[in-house]
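Q: Could you walk me through this structure before I set anything up?
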Amino acid sequence: MPTTAEPPLERRAVISGIGQSAVGRHLGRSDIDLTVEACLAAVADAGLTRDDIDGLATYPGMGAGTGGFAGPSSPEVQDALRLRLNWHDGGGEGPGQMRAVIAACLAVAAGLARHVLVYRTVSESTAQGSGGRPGIGGGGGSGGGVPRFSGFLQWSLPFGAVSAVNWLALVAERRMYEFSLTREQLGQIAINGRRNAADNPKAVYRDPMDLADYLDARMISTPLCLFDCDAPSDGSTAFVVSHRDYAPDAPRPACHVNAVGTALRGRASWDQFDDPTTMAARDAAASMWERTDLRPADVDVAQLYDGFSILAMVWLEALGFCGRGESGAFVEDGTAISRLGALPLNTAGGQLSGGRLHGFGLIHEACVQLRGEGGARQVFRRGGALPEVAAVSNGGGPIAGTLLLTRGTG
Amino acid sequence: MPARGPAIRLLPRLDQDSGFFWTSGADGRLRFQRCHRCGSFVHPPAPRCPECLSEDVAPEVVSGRATVVAHTVNVHPWIPGSEPYVVGLVSIEEQESVRLTTNLIDVEPEEIRTGMPVEVVFEQHEDVYLPLFRPVRAVRSDRPGL
């Protein structure tokens, strides 16, 4: 594989700057307003001005999904900032939300751009108003005039499986059958996130939560309860992806891209994927390790997608932090995934408590930790050194992408 | 209370590829596309067999029997007026890799077990016959072969 001859091309890229808008529930601000705030922060953090930015990428942009999901399109952001671009990209298909970051890395490696601004914006909390979280397709119909569905949604919506929570509840239930996963184990993902969120001023849920609180929460779709689901939030996260040649000039430590994980080897389907307990996480993670000499044991901090708690469990196994079916035991008493544990997990609260920034919040926190800017939530290696290697994953079901970042050139 | 489905059904659009699947229940029988060259059942339907790329694919009647791979009781009121309903993932008897997301009905949710044998029963909505599944009961008089 690619590690033998020439280093993978993504290794030519670094994250030279990070930025994040206000994050919260019902902020009442427009998505372009949040986006400009995050983008300008990232550009300044990278020690650049907008005149230096010659690339732009987002996920997904341009009207994808329901209210507040897509974020502003890349043309809208280009115009808002009057960027002069050599390369630009947006879209919702690819290796998870981080497809935009991965595309930016490749654009930089190929010389199409030198400094790519990458953003992901959600305003789902404001968009949903007080009406509660809708199901996909509106959740229900009312007789005549109800739209019909084609494509993959036709296989789930007619049966009331109208939310990803239903699709992933099946994964969780299957894991309880196959691996004896318990609700108490699953709850550790939510509890760990909440504990870390207490030290993240931007987190949307910071009140203490213990196992009893978790077990008492109302059920959404068995075995997943309210605290297994992230909550729609408002916020924008942005990065500057630069050529590594820029790293010495960046005012903050650059986060080096060591490897990306992009594979989809099973069927691109929520219900036909060969192994319903893993799905595409298995493939994306495997392809990442094929591109690096680093191993799971080298990872100092993990930011794993937890739009639903069960996905973090899937990712722990897919990335090799424990064996297949062993994630329940791995998180059992919460020690291993705590900030003092063997694998500090979702140190800003993840999406469950930090807010549904749809993958990009996790990438942001990986950079914060590698740069040593975590403050009260900063994790350290044994001996007190800053973390050297961070793993990030995005996605669930047939959608998956991973990123391995290092503080040095690795 | 034995489970039913949601109170309101979101329906599929009947198109060239999958229309046959959604109307198959009009005669009480479940059909999947099958490749006549390699014998694979193909789901969702595809223009050629994704295994051997043969164009010789056509709908074929199956037994309607399946086993439960996983299930969830949806409690959240996404769909107004619904009692909790069971979303099931089932694997058809003819080919384990072919699965359907469906509703498990006529069963107490706590009685559902992974691996439980189930059989199709159709629920008509307009021109669509939704394949739902219920536990296989004792010997049925209309199925002398069982």
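This is a predicted model: local features need pLDDT of at least 70, side-chain atom pairs count only at pLDDT 80 or more; totals for chains, interfaces and linings use all residues.

Q: OK, what's in chain A in terms of helices and strands?
A: Chain A has 12 helices and 11 strands, and its C-alpha atoms fill a box of roughly 55 × 55 × 40 Å along the principal axes.

Q: Why would its radius of gyration agree with a compact globule?
A: Chain A has a radius of gyration of 20 Å, which agrees with the value near 22 Å that a compact globule of 410 residues would have.

Q: And how much of chain A is buried?
A: Buried residues make up 58% of the 410 residues in chain A, and of the contacts with a separation of 6 or more, 77% are between residues 24 or more positions apart.

Q: Switching to helices, how do H6(A) and H9(A) cross?
A: The axes of H6(A), residues 183–197, and H9(A), residues 309–318, come within 9 Å and cross at roughly 100°; angles of 65 to 115 degrees count as roughly perpendicular, and the two helices are therefore roughly perpendicular to each other.

Q: Which residues meet there?
A: Leu186(A), Ile189(A) and Ala190(A) in H6(A) meet Ser309(A), Ile310(A), Ala312(A) and Met313(A) in H9(A), and the residues of this contact divide into 6 nonpolar, 1 polar and no charged.

Q: Now chain B, what's the strand order in the sheet?
A: The open sheet of chain B has 3 strands in the order E2-E1-E3, with antiparallel pairing, and its edge strands are E2 (41–42) and E3 (57–61), each of which pairs on one side only.

Q: How many bridges link E1(B) and E2(B)?
A: E1(B), residues 31–35, pairs with E2(B) over 2 bridges, and Gln33(B) stands opposite Val42(B) in E2(B).

Definitions and conventions
Residues are numbered from 1 along each chain as its sequence is written. Chains are lettered from A and ligands numbered from 1 in the order in which they are written. Two strands pair if DSSP finds at least two bridges between them. Helices (H or I, at least four residues) and strands (E, at least two) are DSSP runs, numbered from the N terminus. The radius of gyration is taken over C-alpha atoms; the globule rule is 2.2 Å times the number of residues to the power 0.38. A residue is buried if 20 or more other C-beta atoms lie within 10 Å of its own, exposed if 12 or fewer, and partly exposed in between; C-beta atoms are placed from the backbone. Two residues are in contact if their C-beta atoms, placed from the backbone, lie within 7 Å. Axes are lines fitted to C-alpha atoms, for helices over the stretch in contact, and angles run from 0 to 180 degrees between N-to-C directions. Angles under 35 degrees count as roughly parallel, over 145 as roughly antiparallel, 65 to 115 as roughly perpendicular and the rest as oblique. Ala, Val, Leu, Ile, Met, Phe, Trp, Tyr, Cys and Pro count as nonpolar, Asp, Glu, Lys and Arg as charged, and the others, Gly among them, as polar.
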